[in-house]
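Look over the sequence and the model below before reading on. The paragraphs after them go through the two chains part by part.

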Amino acid sequence: MKYMFLICVDGSIKLTEEQRAKAPGDGIAWATEMDGRGLRLDGNGLQPTCDATTVRVRSGEVLLADGPFAETKEHVAGFDLMDCADLDEAIEAAAKHPCAAFGAIEIRPLWQP
Amino acid sequence: MSENVAPMSDAPAFDAPVSDAPEFDAPAFDAAVAEAFRAEWGKVVATLIGLTGDWDLAEECAQDAFAQAVRTWPRDGVPQRPGAWLTTVARNRALDRLRRRASESAKLAEAAVLAAAPTTTAQEISDDRLRLIFTCCHPALPLEAQVALTLRTLAGLTTAEIARAFLVTEPTMAKRLVRAKRKIRNAGIPYRVPPAHLLPERLSGALAVLYLLFNEGYAATAGSELIRRGLCARAIALAGALATLMPGEPEAMALLALMHLHNARRDSRLDASGDLITLEDQDRSRWDQAEIEAAVVLLDAVSGGVSSPGPYLVQAQIAACHATAPAAEKTDWDRIADLYLMLGRLVPSPVIELNRAVAVGMAQGPAAGLVIVDALTTSGALTGYYLLPATRADLQRRLGRNSEAAVSYQQALELAATGAERRYLARRLAEARR
């Protein structure tokens, strides 16, 4: 089954110097493991929400807004597209994600017709 | 198959009018169907989910099989193995429905697999039941959905019955069940017994759901007595099934013993006006001695093989201390205090510490109990919980400090939720003020 992992972090949380230094390496190690197990199809980090542009079309008019879809403290900081046997395998993979230790991983099964 | 298995549902006999049936003893057949329903519903549903992977189809076909039993058993007699009969009928029904829907190739393949599946063995039925328990109690489902799904698919309660037991409307409960089944399918919640590394955590989750079910029937303030008794009986039956299916798991057997020890005392819990009777004031002659003895036998069997007891085993041992004491004043409070200490180490909780305070107050005197209660009060962990001031009040009363006790009873009275609790406290308050 295919799942989208939304890597959610709380922007107001201050990481320690050590956490900040370790984060990129931990992320790469996680992706490498998941790639090696054939569980990860794609994935990447995202630029901060201040660089987001949100598009709506209302009455045929294209409306642009600066910033994310929802202004919340927690925002999506990355994604991983996963192919897991079932939810238990997805939960196990998500629990290993370094951001799970201070943020949250939302597991969304992909729509299947 | 050797016994009397009904033909496929479309066969003429299926629609035979009841008036053509030979004379029969209707209540006996109703009882046989009711008994089969209680014993077999969960097995039939579990087997059908195992075969088709379709929860709704499984329930519908189980329902059809029981409806057919109601119609044909009076005419043909109760089959030797009702469970196998019901499973076969339900399976044929599923095959039927899948073939009828088989415009999509995927469903056709499913029907082909089902048609080719060999007769389900007893072992496979057990495996499917375990899978069903663990799937219903999967932690990715909200707890209320786990409970509802367990009652619907394993215990065979109707949506209306579950709604009544949990005081929600039937449409609300129906929505809850639909959502849960949809999530199982869409999110890929596996239909299996969890692998070894997940088992301890998932088993304790499943046990917690069953215990919650039992407590809803035993101690809940809502629902009619009949519904609540039914919930207790279903919870005990499911715990019994789980204990039988997982003989290597002492906590499952311990939970079963714990439920029986509570259940044996249920008739003496409330007085005629529905007021709570404390353990020491309960009429012990009304306790079900046979149920207590059976539970103690279970408990001894489990305790013997366990080096480090789990939380349900310790709770069952505490309940056994109470249930086997010939009189309130002969209760082994020292042992109960020790067991609460042990329980508190396994699952740290201020409520367990409060219970320990009560036991210490009985074993070593009210002053010793009050020390623990005062520490709990200072910690603030149980602020707003009426049993904290109520326990303090009882200890103060026994120390003869009546005016302090009155203040504590008053505090407890302001926090108590149910009428029965409030009436008990008001009575004590009046005594303390005398």
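Which residues have the most contacts inside the largest nonpolar core? They are L210(B) and A257(B), and the core has 116 residues. A nonpolar core here is a set of buried Ala, Val, Leu, Ile, Met, Phe, Trp, Tyr and Cys residues joined through C-beta atoms within 7 Å. A residue is buried if 20 or more other C-beta atoms lie within 10 Å of its own, exposed if 12 or fewer, and partly exposed in between, with C-beta atoms placed from the backbone. Apart from this core lies another, of 10 residues, among them A390(B), Y409(B), L413(B) and A432(B).

The model is a predicted one: local features need pLDDT of at least 70, side-chain atom pairs count only at pLDDT 80 or more, and totals for chains, interfaces and linings use all residues. Residues are numbered from 1 along each chain as its sequence is written, while chains are lettered from A and ligands numbered from 1 in the order in which they are written.

L210(B) is one of the buried residues of helix 9 of chain B, a list that also includes L203(B), A206(B), L207(B) and E216(B). Helices (H or I, at least four residues) and strands (E, at least two) are DSSP runs, numbered from the N terminus. Leaving out residues up to four places away in sequence, L210(B) touches A235(B), L238(B), A239(B), L242(B) and L255(B); two residues are in contact if their C-beta atoms, placed from the backbone, lie within 7 Å. Helix 9 covers residues 199-218, and at 1.5 Å a residue its 20 residues should span 28 Å, which agrees with the 28 Å between its end C-alpha atoms. The expected span is 1.5 Å times one less than the number of residues.

Helix 2 of chain B (residues 55-76) has 22 residues and should span 32 Å; its end C-alpha atoms are 30 Å apart, which agrees. This helix has a kink of about 35 degrees at V70(B), shortly before the proline P74(B). The bend at a residue is the angle between axes fitted to the seven residues ending there and the seven starting there. After helix 2 comes G77(B), with a positive phi near 90 degrees.

D127(B), in helix 5 (residues 122-136), is partly exposed, with 18 other C-beta atoms within 10 Å. G400(B) lies in the loop between helix 17 (387-398) and helix 18 (402-415), and with 9 C-beta neighbours inside 10 Å it counts as exposed.

Now to chain A. It has 2 helices and 6 strands, in the order β-α-β-β-β-β-α-β along the sequence. Of its 113 residues, 14% count as buried. Strand 3 (residues 53-58) and strand 4 of chain A pair in the antiparallel sense over 6 bridges; strands pair if DSSP finds at least two bridges between them. T53(A) stands opposite D66(A) in strand 4. The two strands form a hairpin with 2 residues between them, and S59(A) in the turn has a positive phi of about 50 degrees. Is strand 4 of chain A buried or in the open? Of its 6 residues (61-66), the number buried is 0, so strand 4 lies largely in the open.

Finally, the contact between the chains takes 5 residues from chain A and 7 residues from chain B.
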